[in-house]
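Visitor: I would like to learn how to read a model like this one. Please take me through it feature by feature.

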Amino acid sequence: MSGLTIQSEYSPDSDRIMAVSFGPQHPGAGHFRIKLWLDGDYLVRSEPDPGYVHRGEEKMGEYRNYTQNVPHLERPVILDSSNILFPYALGVDELMNNNVPPRAQYLRVIMAECNRIISHMYFLGIMGIFTGHSTMIEWGMGDRDFWIDLASRIGGARVTFAYIIPGGVRNDMPEGLAEKGLKTCDWFEKRIDEYDRIFFKNPIFVERTEGVGVLSTEDAVKLGAVGTVLRASGVKRDVRKDEPYSAYPDFDFDIPVLKSGDSWARCYVAVEEMRQSVKIIRQAFKQIPPGPVRLKLGPQPRVPAGEVYSRTEAARGEMSYHIVADGTPRPYRLKIGTPSFKNLAVLPHLLKNCHVADIPVIYWSGNYWPVEADR
Amino acid sequence: MSQVQPAPAKPEPVRAKELASRITSKFPEVKTDWMKERRLKVTATVATMKDVCLFVRDELGFDHISTVSGVDWIAKNEFEVVYFINSLSKPGLEDFVIGVAERVPRDNPVVPTLIEVWSGAEYDERETHEMFGINFQGHPNQGHLLLPEDWNDLPPLRKDYNSPGR
């Protein structure tokens with residue numbers, strides 16, 4: 001590449017401090033690099049370096065119409081694909097003043113909650129790898145597939161469903177799926193209790209994560225943390241409860257909060273959230289009303305000029321869209337605010353003065369997904 | 001496809017009106033852009049932006065940064081920077097998001113950084129700088145964040161930058 005300068009990253013002013021890269025080829029870091037400045041085994045300073053998987057989703061959004069935007073917008077976080085489309089659909093619905101049918105609202109919630117479990121299982125499985133607990137990755141990835149099976153019966157694909165669209169959902173769920181879904185819920189609820197014993201109360205896992213990377217409540221608010229990171233630090237905030245959207249007001253569920261703010265809490269809050277997701281999915285399958293599932297908007301919906309800021313609670317936290325419409329078939333501006341990007345400021349704060357061996361644990365406990373942050 | 005009911009009428013934006021009047025009584029130059037039941041967007045001038053944001057944080061209780069968004073209004077020769085803020089501490093404002101915006105001319109886009117107001121804005125401002133070329137004065141690091149380090153074209157989210165092949 002022309003113009004690329006390769007700089008020496010060894011600190012010139014001190015022979016004690018050594019600069020090292022964590023990633024972007026690290027098997028756990030994904031397509032993401034953290035620049036580390038080390039003094040022996042201790043971390044002096046760190047600087048996150050995202051952008052290795054930047055795809056220009058926001059610019060792409062300006063070239064495509066409101067329907068064409070659906071499939072590419074879920075690419076940044078394919079393991080949580082329904083939740084990244086949810087606020088987009090809500091935003092366009094608000095601009096067009098769509099009255100989305102109730103059955104579609106329920107199906108949106110079912111898919112969003114299935115995706116939350118799929119995403120959290122992946123997160124916890126990789127957390128097992130990072131803490132040297134190989135059973136967890138096998139259990140996590142294996143059990144995740146039961147939810148992928150269920151979601152793919154509704155969405156038609158394995159991970160990229162393109163299911164939640166402006167005006168409703170793409171298609172109805174097949175007949176008889178509610179029974180299968182309820183069985184999966186019953187089985188999974190029992191299964192989560194087993195995770196407690198083998199993983200979260202396991203002394204080896206507790207030793208690696210308890211008291212590691214503590215984020216205080218004040219810092220979490222100040223740094224703009226969202227989602228599991230915020231709730232593990234004792235702030236009871238969840239967009240599903242704070243600003244109930246879609247069919248969420250119809251369901252009875254809690255927002256799990258933990259006080260300690262360490263890596264263990266950031267993992268365990270995800271387990272508690274999966275319990276609540278199962279509760280929501282069960283209620284949704286039982287109460288789902290009959291009726292149409294989408295509005296007839298046509299291939300090129302006419303969106304009147306306007307501006308909207310919509311947000312939902314994705315698996316990693318608050319997902320938001322700032323959509324500026326100018327009356328043409330394409331958005332004038334499409335800003336995607338992803339939870340991973342919002343949590344980026346937390347990472348260098350937590351990595352201060354920690355051991356090198358704690359870096360993977362702290363990094364992954366933040367539930368950071370590089371592609372989601374880069375967009 | 002059966003007939004669906006029309007969308008229900010939107011409720012009156014009571015809280016947005018009250019918040020907007022509190023801001024404009026202190027800062028008369030602030031313009032209210034739009035009000036919704038759970039949203040409010042106001043535009044401050046570049047000179048008073050920091051004071052307005054401190055007022056929004058300390059007096060109105062909006063302590064948690066959500067997103068910073070930029071818009072290129074090329075026909076008006078202006079950039080717009082919008083800070084979307086929500087509140088974690090104020091009861092009754094859980095569902096409310098306020099957007100505080102400022103507009104700068106495209107030929108000299110310099111605005112003050114708001115890291116001192118909301119420290120979480122650091123990476124959002126850096127991204128807005130990179131994507132629009134807006135200079136956030138006082139920002140500690142405005143190096144490349146998401147783009148390749150040898151990027152030497154226009155900032156890509158400007159309207160006069162065209163993606164290759166478009």
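**Reading the two chains**

Guide: Of the 375 residues in chain A, 53% count as buried. Keep in mind that this is a predicted model.

Visitor: What radius of gyration would a compact globule of 375 residues have, and what does chain A have?

Guide: The rule for a compact globule of 375 residues gives a value near 21 Å. Chain A has 21 Å, so the two agree. Along the principal axes, its C-alpha atoms fill a box of roughly 70 × 55 × 35 Å. Chain A holds 15 helices and eight strands. Sequence separation is another thing to check. Take contacts in chain A between residues at least 6 apart in sequence: 70% of them join residues at least 24 apart.

Visitor: How many helices and strands does chain B have?

Guide: Chain B has three helices and seven strands. From the N terminus, their order is α-β-β-α-β-β-β-β-α-β. The C-alpha box is roughly 50 × 50 × 30 Å along the principal axes. Of the 166 residues of chain B, 39% count as buried. Among its contacts with a separation of 6 or more, 53% come from residues 24 or more positions apart.

Visitor: Now the core. Which residues have the most contacts inside the largest nonpolar core?

Guide: The general idea is that nonpolar side chains tend to be buried together in soluble globular proteins. Here the largest nonpolar core has 147 residues. Those with the most contacts inside it are Met111(A), Cys114(A), Tyr83(B), Ile85(B), Ile98(B) and Val100(B). Helix H4 of chain A, residues 102–130, gives the most to this core, with 16 residues.

Visitor: Take Ile85(B). Which residues is it in contact with, leaving aside neighbours within four places in sequence?

Guide: Ile85(B) is in contact with Val56(B), Phe62(B), His64(B), Ile65(B), Ser66(B), Val97(B), Ile98(B) and Val100(B).

Visitor: Next, helices. What span should helix H5 of chain A have?

Guide: Count 1.5 Å a residue. The 22 residues of H5(A), 134–155, should therefore span 32 Å. The end C-alpha atoms are 31 Å apart, which agrees. Then look at burial. Buried residues in H5(A) include Met136(A), Trp139(A), Asp143(A), Trp147(A) and Ile154(A). The cover over the buried residues includes H4 and helix H6 (177–200) of chain A. Just after H5(A), Gly156(A) takes a positive phi of about 85 degrees.

Visitor: And helix H1 of chain B: which of its residues are buried?

Guide: H1(B) has 13 residues, 14–26, and reaches 19 Å from its first C-alpha to its last, close to the 18 Å expected. Its buried residues are Ala16(B), Leu19(B), Ala20(B) and Ile23(B). They cover an arc of only 100 degrees around the axis, so they sit on the same side of H1(B). The face turned away from that buried side carries the exposed residues Val14(B), Glu18(B), Ser21(B) and Ser25(B). Covering the buried residues are, among others, strands E1 (31–35), E2 (39–44) and E5 (97–105) and helix H2 (49–58) of chain B.

Visitor: How many residues does each chain give to the contact between them?

Guide: Chain B gives 38 residues and chain A gives 39. On the side of chain B that touches chain A, the elements giving two or more residues are strand E3 (64–73), strand E4 (78–86), E5 and helix H3 (121–132). E3(B) has the largest share, six residues. By class, this side of chain B has 18 nonpolar, 11 polar and nine charged residues.

Visitor: Which phi values deserve a second look?

Guide: Most residues other than glycine have a negative phi. Asn353(A) has a positive phi of about 55 degrees and is not a glycine. Asn353(A) lies in the loop between helix H13 (346–350) and helix H14 (359–365) of chain A. Phi of Asn77(B) is also positive, near 60 degrees. Asn77(B) is in the loop between E3 and E4 of chain B.

Definitions and conventions: Residues are numbered from 1 along each chain as its sequence is written. Chains are lettered from A and ligands numbered from 1 in the order in which they are written. This is a predicted model: local features need pLDDT of at least 70, side-chain atom pairs count only at pLDDT 80 or more; totals for chains, interfaces and linings use all residues. A nonpolar core is a set of buried Ala, Val, Leu, Ile, Met, Phe, Trp, Tyr and Cys residues joined through C-beta atoms within 7 Å. A residue is buried if 20 or more other C-beta atoms lie within 10 Å of its own, exposed if 12 or fewer, and partly exposed in between; C-beta atoms are placed from the backbone. Helices (H or I, at least four residues) and strands (E, at least two) are DSSP runs, numbered from the N terminus. Two residues are in contact if their C-beta atoms, placed from the backbone, lie within 7 Å. The expected span of a helix is 1.5 Å times one less than its number of residues. The arc is that of the directions from the helix axis to the C-beta atoms. Ala, Val, Leu, Ile, Met, Phe, Trp, Tyr, Cys and Pro count as nonpolar, Asp, Glu, Lys and Arg as charged, and the others, Gly among them, as polar. The radius of gyration is taken over C-alpha atoms; the globule rule is 2.2 Å times the number of residues to the power 0.38.
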